[in-house]
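Have a look at the structure first, then run through the points below.

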Amino acid sequence: MSFRRVVRQSKFRHVFGQAVKADQCYDDIRVSRVTWDSSFCAVNPKFVAVIVEASGGGAFLVLPLSKTGRIDKSYPTVCGHTGPVLDIDWCPHNDEVIASGSEDCTVKVWQIPENGLAAPLVEPVVSLEGHSKRVGIVTWHPTARNVLLSAGCDNVVVIWNVGSGEELFRLEDQHPDMIYSASWNRDGSLFCTACKDKSVRILDPRRGTVIKEKEKAHEGARPMRAIFLADGKVFTTGFSRMSERQLALWDPNNLDEPIAVQEMDSSNGVLLPFYDPDTSVVYLCGKGDSSIRYFEITDEAPYVHFLNTYISKDPQRGMGFMSKRGLDVNKCEIARFYKLHERKCEPIIMTVPRKSDLFQDDLYPDTAGPEPPMEAEDWVAGRDAMPLLISLKDGYVPSKQRDLKVTRKNVLSTATASSASAASSGAAKNQTLEVRALKLVVQAQGKRIAKLEEQLARIEDGDV
């Protein structure tokens with residue numbers, strides 16, 4: 001009998017990666033040397049942001065996608081942090097808003113001008129202070145406007161309402177050690193974390209509870225990563241007891257054993273997973289590797305199917321992953337990476353080879369659009385919603401610029417505020433007179449203090 005090996009049918013079997021030409025790279029960028037396992041790069045349909053070296057603080061560069069070539073050393077940066085920036089993330093609902101976490105224990109949210117920076121940006125729209133140690137993770141809620149998650153080396157996760165600058169939820173006792181990664185599920189009702197204690201946890205942020213926990217998801221001591229997939233499963237990368245890199249797929253309803261587990265190689269770079277929910281393809285980029293491996297995840301065994309590897313000669317310092325809205329659908333582009341070298345950022349395009357020039361419906365199902373289905377208050381009240389989908393058939397047209405408005409809660413009680421507004425004009429005049437009188441008192445006291453200081457100086461000099 002003759003046996004023929006049957007190759008699994010998949011439209012992504014022949015996906016190939018290709019780096020762009022040299023003149024389409026972003027050159028002369030001094031990529032940050034901070035020892036932190038984040039991607040150091042974030043991209044959206046308008047801008048590419050890269051964490052860069054900065055003396056006396058932390059900074060990142062924001063470039064319009066079209067600004068390729070050599071970047072001048074004097075090009076303005078976002079430089080309001082007093083410590084190195086560790087993580088950045090673009091808002092999925094506003095392409096001009098970006099959040100950053102830093103060693104200075106703060107999270108800052110920035111509004112980037114529509115045409116990019118013309119001068120250094122020092123003042124954030126809002127600064128969020130609630131961590132006692134450096135903030136290594138920032139990630140936006142997928143479906144609620146202005147909701148941001150941050151996680152720090154104080155083992156605390158904070159959920160913020162950026163629109164009011166306030167803390168919504170604080171999860172303090174769920175993680176006994178440092179948090180390596182945090183990822184929202186599709187509708188933003190849960191998020192999963194990978195922790196230094198080797199556990200993967202699924203948490204409900206509104207109740208502040210751990211719903212599921214898997215201890216020793218990967219036996220190795222090196223950092224893990226965990227992400228939610230569109231169907232609710234959890235995908236993790238980590239290390240085995242023998243320090244071999246692993247990937248695993250888990251069903252949250254039964255975390256006793258992984259659905260699938262694969263050992264990769266014995267390299268020591270942390271594997272950063274990037275996931276495309278529209279095509280169910282996961283791309284693994286190892287820090288310090290010179291390759292990108294990609295896998296298709298399906299409902300049939302072995303569940304995680306290796307597709308191919310993109311190999312280049314230079315190792316990557318970090319990686320940015322473009323959302324579906326920013327891809328060229330006319331060229332059958334299904335993913336685009338922004339690979340960070342030591343001194344440049346190089347786009348890498350992943351393409352499915354097709355002969356037809358027509359729009360390929362099977363490659364581009366409706367994808368998450370920029371409009372959020374609900375406000376922060378709806379989510380806090382317990383509502384959940386899936387992302388609002390848009391078609392890419394005629395390409396994506398970016399929406400007009402929307403400024404992020406922050407309305408801080410009034411510290412005064414409503415009673416005081418209402419009585420103040422009801423005060424008569426006579427009371428206002430009296431208040432003005434009181435202020436003037438206080439100013440005169442302060443001036444007199446200032447003169448008196450100056451005289452006393454003068455006398456004290458004389459006594460010390462021995463004149464008196």
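In this predicted model, the charged end of R222 sits over the ring of F239, 5.4 Å from its centre. K287 does likewise with F40, its charged end 3.9 Å from the ring centre. "Over a ring" means NZ of Lys or CZ of Arg within 6 Å of the ring centre and within 35 degrees of the ring normal.

Ground rules:
- It's a predicted model, where local features need pLDDT of at least 70, side-chain atom pairs count only at pLDDT 80 or more, and totals for chains, interfaces and linings use all residues.
- Residues are numbered from 1 along each chain as its sequence is written, and side-chain values use heavy atoms, with hydrogens and water left out.

Aromatic pairs:
- There are 14 aromatic pairs in the structure (Phe, Tyr or six-membered Trp rings with centres within 6.5 Å; planes under 30 degrees apart are stacked, over 60 edge-to-face, the rest tilted).
- F169 and W379 have ring centres 5.7 Å apart and planes at 85°, so they pair edge-to-face.
- F169 is in strand 15 (residues 166–171) and W379 in helix 1 (residues 376–380), so this pair ties together parts 210 residues apart in sequence.
- Helices (H or I, at least four residues) and strands (E, at least two) are DSSP runs, numbered from the N terminus.
- F169 and W379 are both buried, meaning under 20% relative accessible area with a 1.4 Å probe, protein chains only.

Aromatic cluster:
- One cluster is formed by F274, Y283, Y294, F321 and F337.
- Y283 and F337 are both buried.

How values were computed:
Buried < 20%, exposed > 50% of the residue type's maximum accessible area, 1.4 Å probe, protein only.
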